Amino acid sequence: DRFGPLPLPVQVLTQLVKLRWLAQRLGLTKLKLKNESMRCYFTPTAHPNQDSVLARIFVYVQQHPQRCRVQEIKAQLLLIIDHVADVGQAQAIMEVL
């Protein structure tokens with residue numbers, strides 16, 4: 001590129017957009033990154049790929065029991081993944097799911 005590499009804030013912004021797309025594809029209503037923890041809130045209504053998505057998520061949780069857990073809060077499913085340092089790492093996890 002003739003203007004050089006993208007500034008870091010722009011790179012982070014593009015990663016955030018990709019992360020939102022991945023979250024929507026998985027049927028998440030909300031995704032929070034805070035204190036090196038990622039919280040994924042699932043839609044309470046049925047999602048077109050919900051069964052296969054949940055199956056992949058539960059396999060991931062079983063493979064990473066030290067950092068993942070699933071909770072149900074007020075009839076909403078919540079996936080918590082610890083030790084997520086930044087948006088890039090969150091995006092990599094979402095791509096696996």
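**View 1. Strands β1 and β2 pair in the antiparallel sense, joined by six bridges.** Two strands count as paired if DSSP finds at least two bridges between them. Helices (H or I, at least four residues) and strands (E, at least two) are DSSP runs, numbered from the N terminus. The model is predicted, so local features need pLDDT of at least 70 and side-chain atom pairs count only at pLDDT 80 or more, while totals for chains, interfaces and linings use all residues. Residues are numbered from 1 along each chain as its sequence is written, and side-chain values use heavy atoms, with hydrogens and water left out. Within this pair of strands, Leu 31 stands opposite Cys 40 in β2.

**View 2. The turn of the hairpin of β1 and β2 has two residues between the strands.** Most residues other than glycine have a negative phi. Asn 35 is not a glycine, yet has a positive phi of about 50 degrees. Asn 35 lies in the loop between β1 and β2 and counts as exposed, at 71% relative accessibility. Buried means under 20% relative accessible area, exposed over 50%, and partly exposed in between (1.4 Å probe, protein chains only). Glu 36 is also placed in the loop between β1 and β2. Its phi is positive too, at about 55 degrees, although Glu 36 is not a glycine. At 48% relative accessibility, Glu 36 counts as partly exposed.

**View 3. Four strands form an open sheet in the order β1-β2-β4-β3, with antiparallel pairing.** β1 (28–34) and β3 (68–73) stand at the edges with a single partner strand each, so one side of each has no neighbour in the sheet. On average, neighbouring strands of this sheet are turned by 20 degrees against each other, direction ignored. Axes are lines fitted to C-alpha atoms, for helices over the stretch in contact, and angles run from 0 to 180 degrees between N-to-C directions. Strands of a sheet pair through backbone hydrogen bonds, either parallel or antiparallel.

**View 4. Strand β4 pairs with both β2 and β3.** β2 and β4 run antiparallel and are joined by five bridges. The bridge partner of Arg 39 in β4 is Ile 80. β3 pairs with β4 (residues 76–82) over six bridges, again in the antiparallel sense. Here Arg 69 stands opposite Ile 80 in β4, and Val 70 has Leu 79 of β4 as its bridge partner. β4 is mostly covered, with five of its seven residues buried. The hairpin of β3 and β4 has two residues between the strands, and Lys 74 in this hairpin takes a positive phi near 50 degrees.

**View 5. Helix α2 (residues 50–63) has 14 residues.** From its first C-alpha to its last, α2 reaches 20 Å, close to the 20 Å expected at 1.5 Å a residue. The expected span of a helix is 1.5 Å times one less than its number of residues. Val 53, Leu 54, Ile 57, Tyr 60 and Val 61 are the buried residues of α2. Seen down the axis of α2, these buried residues fall within an arc of 120 degrees, so they line one face of the helix. The arc is that of the directions from the helix axis to the C-beta atoms. The buried residues of α2 pack against β2 (37–42), β3, β4 and α3 (87–96); contact means heavy atoms within 4.5 Å. On the other side of α2, Asp 51, Gln 62 and Gln 63 are exposed.

View 6. A disulfide is a pair of cysteine sulfur atoms within 2.5 Å, and a search of the whole structure finds zero disulfides. Cys 40 counts as buried at 1% relative accessibility. Cys 68 counts as buried at 7% relative accessibility.

View 7. Along the sequence, the pattern is α-β-β-α-β-β-α. The C-alpha trace spans about 50 × 30 × 25 Å along its principal axes. Of the 97 residues of the protein, 32% count as buried. Among contacts with a separation of 6 or more, residues 24 or more positions apart account for 50%.
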